[in-house]
Amino acid sequence: MSKTIVPIGPYHPLQEEPEFFTLTVEGEKVVDIDVRIGYNHRGIEKLSERKSFDQSTFVIERICGICSTSHPFAYTQAVEDVIPVEVPERAQYIRTVIGEAERIHSHLLWLGLAGHFLGYNTVYMWAWKIREEVLDIMEILSGNRNNYAMFKPGGVRRDFRSEDIPLVLKKLDSIVPTLEMLLKAVTDDPVFHARTKGVGILTKQAAIDFCALGPTSRASGVERDVRKDAPYAAYDKVDWKMITTQNGDVFDKVVVRILEKLESVKIIKQCLNHLPEGEIDLNIADIPPGEGIGVHEAPRGETFHYVRSDGTNRPVRHKVRAPTFMNLPTYKATVVGERIADATIILAAIDPCYCCTERMSVRDTHRKKLYNGEDLIRLSQERTEKLRGKYQK
Amino acid sequence: MIREEVLRQVQERFKDDIIDFFDKTPKRVFIEIKPESITEVVQYILKERAARFNIATALDARYHTEIIYHFTIEDINLLISFRVKLDKKKPKIDSITPILEGANWIEREMNEMLGIEFVGHPDMRRLLLADDWPEGIYPLRCDYKEWDEKAIRDRGI
């Protein structure tokens, strides 16, 4: 049988950001995949070398719109590691609250998109509706819905007011019933099970070989979480659980992300109830020569920043590594052997943030047809309709 | 195993290859090794200490080129960084992709950004730069000059 090549991308509505995937298909099965990234490369590592440590934080924040806190969180810890110095306790609690609120909004965004790709537009609307509550919380606490500008090397820029905290706690309590309803809706639906169970399995050994991170590896049974392995900020002072499942398919990845949101709500409530008094900023004056490394558990995995300084006010080298960089190569292990209608949900299951990394297309040369992103989403939604008809007979 | 045990064993096992050993804080250790021994060290740290590969950083110091390989040993909360110093004119080192699949993409990136050659890499293509970016111009080097006369520049007003 001759092989056909299906390109997806670089610019189409399947992914929010540009990427170029080339799937080689035989009939309905995918036999090979090739990923090309680099469409969003902006040269941020080179830009950092021309800005001072404090100015860099604003550029670093805009690496990604969804995981906007994770990069400054890791960067400020890297700069503090050069000296090395510990920030005041109140600043650590404030950083934790912002980091966890971002995790909730990012996982909700992903849940909505996964629902859309599978044809469950109601899940999409509900998830993004309660996401608005979380964005309201961010606006009350920091002043903006994205790009909060709260982090600086040495602490945080702005303080929380104690009169805002009761309103924030009330909004958090209002989203928990909806999250539990979404969890039940996902785990009880037979068509959802048929679409996602056993699809796109990443085995435990493959997750270790490719150095997969975040929910992608926790869904395969590899217990890796920077917040537990190397605690920083206030994560060792509050009580929470790491969520792991064993199978590694798309269903497990959905369940891991929903349960993590419930844990994040617990962490935020504990931090806000026990917020200590004190300073929020160390007012660091000079960074001595040396090297520093900062890590943070972003919604997608471990973010890693390395900073080298030579005593002036600018970094000599700043290395940024987003978690999606290590997760994208796992496509070789998950997509190969699956059918083409499942390709979209498997590709979306690792929650790729290409802005942090860098887009894909599917070309059917045998039938001389070009599938773009809309076609693939339509193929995926049609398959759900067929399965639903079968279950409702 | 506790942290001091692990570090002592690394120092004993590779005593001919270690040039410098800097124990900075309880969580960070920086070790400089000779470039020829990188494959052995990586094999040891992956198999016997069950470490995880974080990333490799390449940088252009003034008189030499450096690569730093970062590994995390999660059980004892330790991040070990192995540094190798390479010649600046023709930087060349063995690739670790045959033993560690996770290092494939970062070696491609280091090759196109700084011009480091990785001997034995299975698939050396461009990763981030465009296809029509000329050969021989490496963006992250210190002596990089803006070469494209026709590019649109927005200097801001």
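**Figure 1. The two domains of chain A.** In this predicted model, chain A splits into domain 1, made of residues 4-40 plus 337-391, and domain 2, covering 44-321. Their centres, taken over C-alpha atoms, sit 28 Å apart. Where the two domains meet, domain 1 of chain A puts in 20 residues and domain 2 of chain A puts in 22. On the domain 1 side, the elements that give two or more residues are helix 14 (343-349) and helix 15 (373-391) of chain A. Helix 15 of chain A gives the most, with eight residues. Sort the domain 1 side by class and you get 11 nonpolar, four polar and five charged residues.

**Figure 2. Helix 2 meets helix 3 in chain A.** Here we zoom in on helix 2 (residues 53-61) and helix 3 (residues 70-82) of chain A, whose axes come within 9 Å and cross at roughly 155 degrees. Angles over 145 degrees count as roughly antiparallel, so that is the label for helix 2 and helix 3 of chain A. The crossing of this pair, helix 2 and helix 3 of chain A, is right-handed. From helix 2 of chain A, look for Phe53(A), Thr57(A), Ile60(A) and Glu61(A); from helix 3 of chain A, look for His71(A), Pro72(A), Tyr75(A), Thr76(A) and Val79(A). Together, the residues of this contact come out as five nonpolar, three polar and one charged.

**Figure 3. Helix 6 packs against helix 11 in chain A.** Now for another helix pair: helix 6 (residues 165-188) and helix 11 (residues 250-273) of chain A have axes 10 Å apart and pack at an angle of about 160 degrees. That angle makes helix 6 of chain A roughly antiparallel to helix 11 of chain A. The crossing of helix 6 and helix 11 of chain A is left-handed. Helix 6 of chain A brings residues including Ile165(A), Leu172(A), Leu179(A) and Thr187(A) to the contact, while helix 11 of chain A brings, among others, Val254(A), Ile258(A), Lys261(A) and Lys269(A). By class, the contact of these two helices divides into 16 nonpolar, one polar and two charged residues.

**Figure 4. Phe160(A) and its neighbours.** Phe160(A) lies in the loop between strand 5 (155-156) and helix 6 of chain A. Is Phe160(A) buried or exposed? Phe160(A) counts as buried because it has 21 C-beta neighbours inside 10 Å. Leaving out residues up to four places away in sequence, Phe160(A) touches Ile94(A), Leu141(A), Ile165(A) and Leu275(A). Check out Ala91(A) too: it is 69 residues from Phe160(A) along the chain, yet their C-alpha atoms are separated by 10.0 Å.

**Figure 5. Where chain A touches chain B.** The contact takes 26 residues from chain A and 23 from chain B. On the chain A side, the elements that give two or more residues are helix 1 (44-48), strand 6 (290-298), strand 7 (301-309), strand 8 (315-321) and helix 12 of chain A. The chain A side divides into 11 nonpolar, three polar and 12 charged residues.

**Figure 6. Helix 3 of chain B.** This helix, residues 104-114, is mostly covered, with 10 of its 11 residues buried. Among the buried ones are Trp105(B), Ile106(B), Met110(B) and Leu114(B). What do the buried residues of helix 3 of chain B pack against? They pack against helix 12 (323-327) of chain A, along with strand 3 (52-60), strand 4 (65-73) and strand 7 (117-119) of chain B. Just after helix 3 of chain B comes Gly115(B), which takes a positive phi of about 80 degrees.

How values were computed
Residues numbered from 1 in each chain as written. Chains lettered and ligands numbered in written order. Predicted model: local features only at pLDDT ≥ 70, side-chain atom pairs only at ≥ 80, totals over all residues. Buried ≥ 20, exposed ≤ 12 C-beta atoms within 10 Å, placed from the backbone. Helix = DSSP H or I, 4+ residues; strand = E, 2+ residues; numbered from the N terminus. Contact = placed C-beta atoms within 7 Å. Domains from an automatic or database assignment. Nonpolar A, V, L, I, M, F, W, Y, C, P; charged D, E, K, R; others polar. Axes fitted to C-alpha atoms, helices over the stretch in contact; angles between N-to-C directions. Parallel < 35°, antiparallel > 145°, perpendicular 65-115°, else oblique. Left-handed = near helix turned anticlockwise from the far one by under 90°.
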